[in-house]
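These are my notes from an afternoon with one structure file.

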Amino acid sequence: LVRAASQGVLGNGLMLRHEGAAQAVEHAGFLAAPEAEGDLPEARLDAFAEAAPFGAAVVKGADLFSAQVEDFNTAFAALAEKTPDDLTGMDFAQLVTENSRADLKEKLKSGKAGPFDISLSVKSDRALQVYVTQVAGGFSLYLFDVSDQKKLEQNLVQAQKMQAIGQ
């Protein structure tokens with residue numbers, strides 16, 4: 001799923017049920033301001049996204065960081081380490097560390113959906129990546145735990161260093 005998401009498959013109507021799906025979000029520049037609010041599909045989680053093994057959420061608001069969490073799956077709540085009651089209505093900015101907010105703001109200017117490394121404000125040492133797609137009235141978010149992948153990358157780098165020393 002991470003590979004599919006990095007190839008632009010997620011966020012274009014596959015994981016979210018869109019009202020007016022014929023007006024799909026364009027691949028290039030989808031985070032740019034739309035000409036009209038009606039140009040973007042309305043989104044809410046479907047049964048497939050609800051059962052997904054990665055976090056999926058819809059936040060409502062004009063700005064990503066002031067947008068409030070409206071709908072989310074169980075995996076999103078678990079990664080955020082919040083109860084559903086605490087998570088509902090919470091500003092997305094409250095979930096993300098200040099450094100991650102600054103990095104994410106800068107990276108979103110490129111017009112890409114992700115993946116973007118992100119740190120949540122919980123005291124977890126998980127490595128997370130987020131994909132962001134603009135929808136009517138807000139944003140859809142896909143949150144992936146890439147801790148195992150990061151550990152494998154670190155082990156590979158360490159093994160390559162040891163091999164270089166041995167040669």
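The entries below follow that order, and the model they describe is a predicted one.

**Entry 1: aromatic rings**

I looked up the ring pairs to begin with and found 4 aromatic pairs in the structure. I then looked up where the two residues sit in the chain. Phe54 belongs to the loop between helix H2 (47–50) and strand S3 (55–60), while Tyr142 belongs to strand S7 (residues 138–145). The two are 88 residues apart, and the pair links distant parts of the chain.

The next pair I checked was Tyr131 with Phe144. Their ring centres are 5.4 Å apart with the planes at 80°, so this pair is also edge-to-face. Tyr131 comes from strand S6 (residues 128–135) and Phe144 from strand S7, 13 residues apart. Tyr131 counts as buried at 3% relative accessibility, and Phe144 counts as buried at 4%.

**Entry 2**

In what order do the strands of the open sheet lie? I read the order as S4-S3-S7-S6-S5, which is 5 strands with antiparallel pairing. Strand S4 (68–72) and strand S5 (116–118) are at the edges with a single partner strand each, so one side of each has no neighbour in the sheet. Ignoring direction, neighbouring strands are turned by 35° against each other on average.

I then followed S3 to its partners. S3 and S7 run antiparallel and are joined by 6 bridges; one of the residue pairs I looked up is Val58 with its bridge partner Ser140 in S7. S3 and S4 also run antiparallel, joined by 4 bridges. On that side, Lys60 has Gln68 in S4 as its bridge partner.

How many residues of S3 are buried? The count is 6 of 6, and I wrote the strand down as mostly covered. Gly55, Ala57 and Val59 point one way from S3, and Ala56, Val58 and Lys60 point the other way. Lys60 is among the residues that are buried there.

**Entry 3: helix H6**

Helix H6 (residues 98–108) packs on the sheet and touches S5 and S6. The direction of H6 makes about 170° with that of S5.

Which residues of H6 are buried? I listed Ser100, Leu104 and Leu108. Seen down the helix axis, the buried residues of H6 fall within an arc of 60°, so they line one face of the helix. As a reminder to myself, an α-helix has 3.6 residues a turn, so residues three or four places apart point the same way. The buried residues of H6 pack against helix H5 (92–95), S5 and S6. On the face turned away from the buried side I found the exposed residues Glu98, Asn99 and Glu106.

**Entry 4: Asn73 and Thr74**

I finished with two residues that follow S4. Asn73 lies in the loop between S4 and H3. Asn73 counts as buried, because its relative accessibility is 1% and the cut-off is under 20%. What lies 2.8 Å from a polar atom of the Asn73 side chain? The backbone oxygen of Ala49 does. Leaving out residues up to four places away in sequence, Asn73 touches Leu45, Ala49, Glu50, Ala52, Phe54, Gly55 and Ala56.

Thr74 lies in helix H3 (residues 74–80). Thr74 counts as exposed, because its relative accessibility of 62% is over 50%. I also looked up Thr74 against Pro53: the two are 21 residues apart in sequence and 8.7 Å apart in space, C-alpha to C-alpha.

Definitions and conventions
Residues numbered from 1 in each chain as written. Predicted model: local features only at pLDDT ≥ 70, side-chain atom pairs only at ≥ 80, totals over all residues. Heavy atoms only, no water. Phe/Tyr/Trp six-rings, centres within 6.5 Å; stacked < 30°, edge-to-face > 60°. Buried < 20%, exposed > 50% of the residue type's maximum accessible area, 1.4 Å probe, protein only. Pairing = 2+ DSSP bridges. Axes fitted to C-alpha atoms, helices over the stretch in contact; angles between N-to-C directions. Contact = heavy atoms within 4.5 Å. Arc of directions from axis to C-beta. Polar contact = N/O pair within 3.5 Å; in protein donor to acceptor, adjacent residues only side chain to side chain.
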